[in-house]
Amino acid sequence: MSVKVDLYDNAYGNYQEQVYALVRTETYGEDLGQTSWVTSEESYEIPQILHLAPESQVFEIGCGSGRYALHLSEKYACRIVGVDSNVSAIRAANQLATARALSQVRFDHGDASKRLQFADASFDAVFANDVLCHIPERFQLLKEVFRILKPGGMLLFSDALVIGGLISQQEIAIRSSIGYYLFSPPGKNEALMRRSGFRLIKRRDTTENAAVIAQRWHRAREKRQQLLSSFEGNSNFQGLQQFLSCVYTLSSERRLLRYLYTAQK
Ligand SMILES: C[S@@+](CC[C@H](N)C(=O)[O-])C[C@H]1O[C@@H](n2cnc3c(N)ncnc32)[C@H](O)[C@@H]1O
């Protein structure tokens with residue numbers, strides 16, 4: 001059985017450390033503060049898919065370091081609220097926002113499994129990059145997202161935990177070693193979106209992205225083992241490497257699938 005391993009406290013608590021920035025750059029090609037399976041290509045497609053425009057009101061669920069939200073706001077002049085349950089993530093995000101003097105972006109510490117503190121029809125777009133797998137009541141969350149979107153508003157989210165084949169008990173333990181996870185059968189997300197009122201526009205298979213990112217992330221960290229272990233501790237370093245190897249194996253063998261969903265209210 002695998003033990004609990006920390007990813008997010010280290011990634012966000014050490015966000016400004018050069019070694020973590022180098023790992024991000026080597027993994028993704030561009031440092032947008034990621035801790036997900038979103039490739040740079042996907043990062044650049046998301047604003048088009050969401051039809052972002054100046055003054056669009058956008059909500060990001062699980063914004064992590066906030067770096068991607070800030071990038072979107074700078075590039076598209078949209079207004080963004082980001083929420084994350086990790087205290088260090090929100091601290092890093094607010095520091096970045098202050099340094100960039102971007103008043104149209106706000107970051108709040110919060111749990112997206114609870115009722116969202118926004119009025120009905122407040123947002124033009126809502127997105128969540130590799131976050132819904134961590135949130136217990138997915139149907140409740142989708143209903144809440146439907147409520148806070150304006151009519152015609154866009155939803156985008158990815159789920160890298162769709163079951164595609166046989167997975168052992170040990171693999172499930174390692175794949176879940178960094179926190180709470182929900183694995184879903186194929187078709188479940190589509191059904192939940194329909195029940196919440198959404199019209200599904202597209203489901204794209206991005207499983208390969210998870211495999212590519214996991215492999216690059218593992219390699220980038222392995223090269224810097226000594227320094228990363230001095231921040232994380234050696235057993236956490238090894239635990240995260242095992243987690244990344246497991247993501248690579250399960251995704252490259254298509255036993256776990258990653259889908260990117262786009263839907264409209
Ligand atoms: C895989 S990371 C993705 C972060 C970011 N979206 C990205 O692309 O790099 C998942 C994020 O979800 C956040 N998270 C987990 N459970 C949450 C919850 N209940 N409410 C809000 N955020 C949550 C984590 O703290 C983490 O930042």
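A backbone N or O atom of N129 lies 3.2 Å from a nitrogen atom of the ligand, which counts here as a polar contact, that is, a pair of N or O atoms within 3.5 Å, where within protein one must be able to donate a hydrogen and the other to accept it, and residues adjacent in sequence count only if both atoms are side-chain atoms. This is a predicted model, in which local features need pLDDT of at least 70 and side-chain atom pairs count only at pLDDT 80 or more, while totals for chains, interfaces and linings use all residues. Residues are numbered from 1 along each chain as its sequence is written, and side-chain values use heavy atoms, with hydrogens and water left out.

Staying with the ligand, a polar backbone atom of S85 is 3.3 Å from a nitrogen atom of the ligand, and a polar side-chain atom of D84 lies 2.6 Å from one of the ligand's oxygen atoms.

Next, the strands. Strand β1 covers residues 57-61, and four of its five residues are buried, so the strand is largely enclosed by the rest of the structure; buried means under 20% relative accessible area, with a 1.4 Å probe and protein chains only. Helices (H or I, at least four residues) and strands (E, at least two) are DSSP runs, numbered from the N terminus. β1 runs parallel to β2 (residues 79-84), joined to that strand by five bridges, where pairing requires that DSSP finds at least two bridges, and Q57 stands opposite R79. With β4 (residues 123-128), β1 pairs in the parallel sense over three bridges, V58 having A125 as its bridge partner.

Finally, helix α2, residues 18-28, where V19, Y20, V23, R24, T27 and Y28 are buried. Seen down the axis of α2, these residues fall within an arc of 145 degrees, so they line one face of the helix, the arc being that of the directions from the helix axis to the C-beta atoms. They pack against α1, α3, α9 and α10, contact meaning heavy atoms within 4.5 Å. Just after α2, G29 takes a positive phi of about 90 degrees.

Technical notes: Buried < 20%, exposed > 50% of the residue type's maximum accessible area, 1.4 Å probe, protein only.
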